[in-house]
Structures are given as structure tokens and as C-alpha cells.
Amino acid sequence: MSTFLELGLKEPINKALTDLGYEKPTVIQEKAIPQIISSTDDLKAFAQTGTGKTAAFSLPILELLDSSNGNVQAIILSPTRELAVQIGNNIKDFCKYLPDVKVTTVYGGSSMEDQIRSLKRGSQIVVGTPGRTVDLIKRRALKLGNVQWLVLDEADEMLNMGFKDELDKVLEATPETKQTLLFSATFPREVEAIARNYMTKPVEITSGEKNSGSENVTHEFYAVTERTRYPALKRIADLNPDIYAIIFCRTRRETQEVADNLIRDGYSADSLHGDLSQGQRDSVMGKFRKKTIKILVATDVAARGLDVNELTHVLNHKLPDQIENYTHRSGRTGRAGNKGISIVLVNGKEKGKLRQIERIIKKKFIEGKVPSGKEIVQNQLMNLIDKVHNIEVNETQIGEFLPSIYEKLEDLDREELIKKFVSLEFNTMLKYYENSKDLNDLGRETSRSRATADNMTRFFINIGRKDSLNPAKLIGLINDQNIGDKIEIGAIDILDTFSFFEIDKNFEDKTLDAFSSNQPDSDGRSVNIEITKKERSGGGRRGGRKPFGKKDGGFGRRRSSEGGSSSSRRSDSSRGRSDRRSSDRPDRSDRNSGGERRASGGFGRKRRES
Ligand code: AMP
């Protein structure tokens with residue numbers, strides 16, 4: 001692995017990267033930076049979001065540009081305003097120690113005059129959305145005659161959004177001699193056509209498999225019905241106390257409804273879609289970045305520019321119309337070396353799409369089970385206990401209160417104290433999930449999972465995701481116990497701090513014996529298993545419970561019953577509802593938002609009119 005200096009970047013750039021905490025180049029940076037520095041050949045780069053592609057194209061440009069010359073030398077086009085702003089800000093960070101380099105970001109929805117003024121002062125780098133860039137070219141405020149680099153970032157998305165005409169116009173305004181750098185996560189026909197028509201023998205680089213999903217993302221699907229889709233979503237959120245997720249929806253209306261319901265049910269959630277004003281979108285994104293909001297419900301387009309590295313989950317409430325978009329969605333998690341999970345809720349009809357997606361991401365979906373109430377309670381409990389274990393005690397501050405606390409609790413022994421403390425936190429939740437129903441769409445289960453119900457024994461195992469367990473590791477661990485030849489392993493559910501697996505009933509005793517006599521350990525933690533009863537449908541109760549809440553990851557807040565849907569409390573996220581017709585359609589709002597102009601006619605794909 002090289003350093004940034006070894007890739008050919010000068011010290012001021014390296015220093016800025018050190019300040020940003022970039023220790024070593026990512027794969028795409030290692031490939032793109034020396035290539036662009038040493039050659040004027042066009043470049044076609046296959047790169048997912050989150051792979052460090054912004055630095056991959058902008059650092060070599062910063063290395064090569066002439067900072068004594070105020071002409072526009074690089075134009076970077078990006079599909080959305082948010083992404084353009086993000087790229088512009090990233091580049092400004094990269095040139096912290098290059099005082100003569102100026103960057104202007106141009107996009108709709110913001111003062112054209114300010115942008116023109118900034119351009120007049122002289123900028124070597126312009127980052128823009130296609131619509132506003134073309135407007136400024138037409139007004140002669142943006143002159144691209146001296147451009148040496150044209151970057152098309154997220155080219156697939158620009159074409160999906162119908163920006164073909166704008167791209168043509170920008171390309172026309174740039175000189176033949178420029179170097180074109182095209183970055184895209186997917187390469188459908190339309191993008192290949194751009195590469196063919198506008199690039200000369202481009203060099204191809206990739207940060208991984210073409211069109212494949214991030215290595216760090218596990219893909220799971222849960223079989224649900226329309227009735228259980230929303231309750232299943234809530235259970236997933238409840239199972240993961242530290243969830244920090246985007247829930248993707250197809251339409252603005254669906255987005256608003258899911259967000260409204262989550263807020264009503266006490267979750268720390270808000271919505272992001274094209275019916276919101278730019279100010280509202282900025283505010284929601286700001287809160288989500290600061291984690292004031294833990295769950296963001298968004299359309300594909302609206303979530304485009306959101307750069308958050310620590311998402312634990314991407315939840316697909318409904319799959320996107322264009323399955324290529326699934327890569328974009330799932331690529332929002334598993335970034336910057338973190339692990340992530342992308343969960344898809346599918347009904348029987350939607351299941352077929354999974355296979356198409358598997359071909360694109362070159363990975364298999366793992367069938368997950370909507371967690372039972374008991375599993376959720378168990379997970380939350382263990383999580384709380386872990387937190388108690390790990391909490392740092394501030395002796396000096398708490399010291400003065402301790403004597404009176406000890407005195408008050410004098411009559412309770414250790415066991416009683418633990419029971420009372422756990423009950424304080426969990427009574428409402430236990431009640432909420434008492435007799436909760438199985439939400440899995442059993443009628444739609446695959447033959448494999450149906451078989452497991454009869455022939456399999458379900459085991460609890462005391463390690464989970466937090467112990468870096470994944471299905472492959474668990475299978476390896478089971479095989480290591482030499483239970484028997486070719487024993488069948490059924491469904492596997494990996495949870496945060498523990499997991500479940502199913503094994504051929506005939507090997508039930510042998511499995512228990514093997515684990516108890518081998519005493520395996522996982523990273524120093526002793527592993528144990530026990531048989532757990534399979535949960536099937538119970539009689540859920542409806543209405544008016546006062547269960548736990550999720551707002552800041554703590555408990556004790558208002559929550560309505562599982563599966564309730566009528567909204568009594570309107571949150572401020574119900575602002576911006578628009579009429580049903582347009583909101584029911586896939587969100588293409590960024591094309592119009594903030595003054596971006598609409599091109600007539602789509603490119604390759606038929607755009608729906610909204
Ligand atoms: P991008 O794919 O350009 O959106 O980058 C994804 C995230 O990774 C951004 O938050 C970057 O700041 C971060 N990043 C990019 N390159 C590096 C690097 N070499 N080291 C650490 N973080 C990086």
C-alpha cells in the first residue's frame with residue numbers, strides 16, 4: 001500500500017489529507033491518482049459511493065492545475081445539489097494549503113448572482129449540477145474554453161435523472177483536448193454510450209468488481225405481507241438499539257407515511273424527499289448527520305448527496321423500480337471500512353426481483369427472519385447489561401450522592417437490586433411484546449425454510465454481530481465441532497449480541513454434546529449454545545399500550561401498539577405533503593428542485609412525468 005506522497009502528490013496536499021485523517025489511499029485512489037497524473041488519456045472508473053472517489057479524481061487535478069491562472073481548468077458535474085456541495089467542500093478541504101486555488105460550486109435553488117460573482121473572481125475548479133452549469137454557460141458567466149479536465153461523477157445517476165441534454169451541452173462547451181474522467185457505480189447501456197461517444201480510448205479502472213456491491217455489506221431479505229411490512233420495520237429497529245439507518249422508499253408519499261408512522265410510534269425519525277423545500281432538506285440532513293435523528297426515511301434521489309459513513313443499516317421498505325438503484329442504496333452502508341447490513345422487505349410478488357439484484361451485486365441474499373418479540377426483548381436486555389458493564393463511573397461527581405443512595409437501597413440484596421433495575425427498564429417493553437405475533441410471511445417461505453420448521457432444532461448461541469459473527473463464520477464454527485458428516489444446517493439469524501441457528505433434529509443431542517465438550521471460544525469469549533423453542537404465531541393485542549420508546553436509544557417513551565397506523569400526532573415532518581398523484585410516483589424531484597431545469601425527453605429510459 002502506497003502513501004499519498006508516493007502516488008505523486010505534493011506536500012501541501014498530503015498535509016491537508018493528514019489533517020483530514022486520511023492515512024492511506026483507498027483502492028480507487030491508488031489506481032486513479034497516478035494514472036491521471038501521468039497520462040492525459042480519458043478514464044472510465046467503476047466506483048461505488050463511499051470508496052473515496054471524490055479524492056480519486058480531485059487530488060490529481062489539484063496536483064496538476066496551474067494555480068497562477070484564474071481560468072476554469074476543471075469542471076466537475078454531479079447529479080444533485082447535495083452531492084455537488086459535498087464535492088466542492090471536500091475539494092476546499094483538500095486545498096487548505098494551496099491558497100491560490102479557488103473552487104466555485106454552482107447549483108439550482110441558490111442565488112445565481114452570488115455564483116456569477118464567485119466565477120468572476122476566478123476559479124480554477126467549478127463543481128456543478130448539470131442544469132445550473134448549462135444556465136451559466138448560456139449566460140456566458142461560465143467559460144469552459146480552457147478546461148483541461150471534465151469529471152462526470154455518478155454518471156449513471158445523471159442519466160437516470162434525464163440530464164442527457166445538459167451533458168451534451170456541457171461537453172460541447174469544452175475543448176476537444178480535455179481529459180474526461182467518468183465515475184459511475186453501474187455501467188448500463190446509457191453510460192457506455194456516453195463513454196463511446198465522448199471519450200477516446202478510455203483507460204478503465206475499478207475499485208472492485210464491476211457493478212458489484214461493497215464487500216462490507218451483508219444483504220438480507222425478510223418475507224412480509226403488506227399488513228406486516230411496517231410492523232416488521234419497527235421490529236428491526238427495536239432489535240437494534242444502536243440503529244443508525246436510512247429507510248428507502250419508492251415514492252414521496254410512501255416516504256412521508258413511513259416517517260409519520262415512525263415518529264408517531266416514538267422513533268427518532270424524519271423524512272427526506274422532493275416535496276420538501278431545500279431549507280427543510282438541509283435541516284433534516286443536518287440533524288441526521290449529527291445523529292439527532294437516528295432513522296432517515298428517504299427516496300432514492302433525495303438521499304443521493306448524503307455522506308454518512310457510520311450507517312448500521314440500509315432498510316429497503318420497498319425495492320426501487322430500477323433495480324440498479326439497489327446498489328446505490330446498499331452502498332450507503334459498509335463505508336470507510338465499516339460493516340453494514342442492507343435489509344429488503346419483500347412480499348411474495350417482489351421476491352423475483354431479488355434474483356435480478358443478486359446478479360448485479362454478485363452476492364446472495366440471506367433469508368432473515370423478522371425478529372420475535374422475545375428476541376427483541378432479549379437483545380435489548382443484553383445490550384443494556386453490556387452498557388452497564390462498560391459505563392465509566394465518575395467517582396468524584398457521584399461520590400457525594402452515594403452514601404444516601406446506599407442507605408436507601410440497604411434492604412435489597414444484589415439479586416433483588418438487579419431484578420428491580422432490569423424491571424424498571426423493561427416492564428413496559430416486556431408487556432408490549434407479550435404475546436406478539438410472528439410477522440414472517442410463512443405462506444411465502446421458501447421450501448428450505450419450511451422444511452426447517454419440522455425437521456430442525458433451533459439453537460441459541462451467545463455470540464453475534466458484535467463478535468464479528470456472520471453466517472459463514474457460524475457455519476465454520478459448527479463444522480469445527482465435528483458433530484457429524486454432512487449435517488444439515490438450516491436458517492441462521494445473526495443478531496447483535498447473540499444468534500440462532502437450526503440443525504437437523506437428529507443431531508440435536510450430538511450438537512449440544514459437541515459444544516459442551518469442545519468448549520469453543522470466539523475471540524477469547526467462551527461460546528455456548530442452548531436449544532430454543534421455535535416461536536410461531538401468538539395472539540397479539542391491539543391498542544393503547546404504553547411501551548418503551550426509541551428516541552435517544554433509551555426507554556420509557558411513548559409508543560403506540562405494534563402495527564397501529566392511524567396518525568394522531570402530526571409531526572413537523574408531515575410538512576410538504578403534496579397531492580397524491582405526484583407523490584405516489586418515484587421521486588425524480590432533484591431534477592426540478594432548486595431551479596434545476598427539466599430536459600425534454602429522457603435518455604434511454606422513459607422518464608415518468610410528474
Ligand atoms: P467518497 O466516495 O468520495 O464519497 O468518500 C467516502 C468517504 O470516505 C468520505 O467521507 C471521505 O471523506 C472518506 N475518505 C475518502 N478517502 C479516504 C481515505 N483515503 N482515508 C480515509 N477516509 C477517506
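**Terms and their grounds**

Guide: Glu407, Glu410, Asp411, Asp413, Glu415 and Glu416 form a patch of negative charge on the surface. The model is a predicted one, in which local features need pLDDT of at least 70 and side-chain atom pairs count only at pLDDT 80 or more, while totals for chains, interfaces and linings use all residues. Residues are numbered from 1 along each chain as its sequence is written, and side-chain values use heavy atoms, with hydrogens and water left out.

Visitor: Why is Glu410 called exposed?

Guide: Exposed means over 50% relative accessible area, buried under 20%, and partly exposed in between (1.4 Å probe, protein chains only). Glu410 has 65% relative accessibility and therefore counts as exposed. Glu410 lies in the loop between helix H17 (402-408) and helix H18 (414-433); helices (H or I, at least four residues) and strands (E, at least two) are DSSP runs, numbered from the N terminus.

Visitor: Why does Thr180 count as buried?

Guide: Thr180 has 2% relative accessibility, so the residue counts as buried. Thr180 belongs to strand E6 (residues 179-184). Between Thr180 and Trp149 there are 31 residues in sequence and 5.9 Å in space, C-alpha to C-alpha.

Visitor: What makes E9 and E12 a pair?

Guide: Two strands pair if DSSP finds at least two bridges between them. Strand E9 (residues 245-249) and E12 have 4 bridges and pair in the parallel sense, with Ile247 opposite Leu315 in E12. E12 also pairs with strand E13 (residues 340-346) in the parallel sense over 4 bridges, where Leu315 stands opposite Ile343.

Terms used: Patches are made of residues with over 30% relative accessible area and no salt bridge: like charges are joined within 9 Å, nonpolar side chains (Val, Leu, Ile, Met, Phe, Trp, Tyr) within 5 Å. Accessible areas come from the Shrake-Rupley method with a 1.4 Å probe; for residues, only the protein chains shown count as cover. A salt bridge is a side-chain nitrogen of Lys or Arg within 4 Å of a carboxyl oxygen of Asp or Glu. Lys and Arg count as positive and Asp and Glu as negative; His and the chain ends are not counted. The place of a charge is taken as NZ of Lys, CZ of Arg, CG of Asp or CD of Glu.
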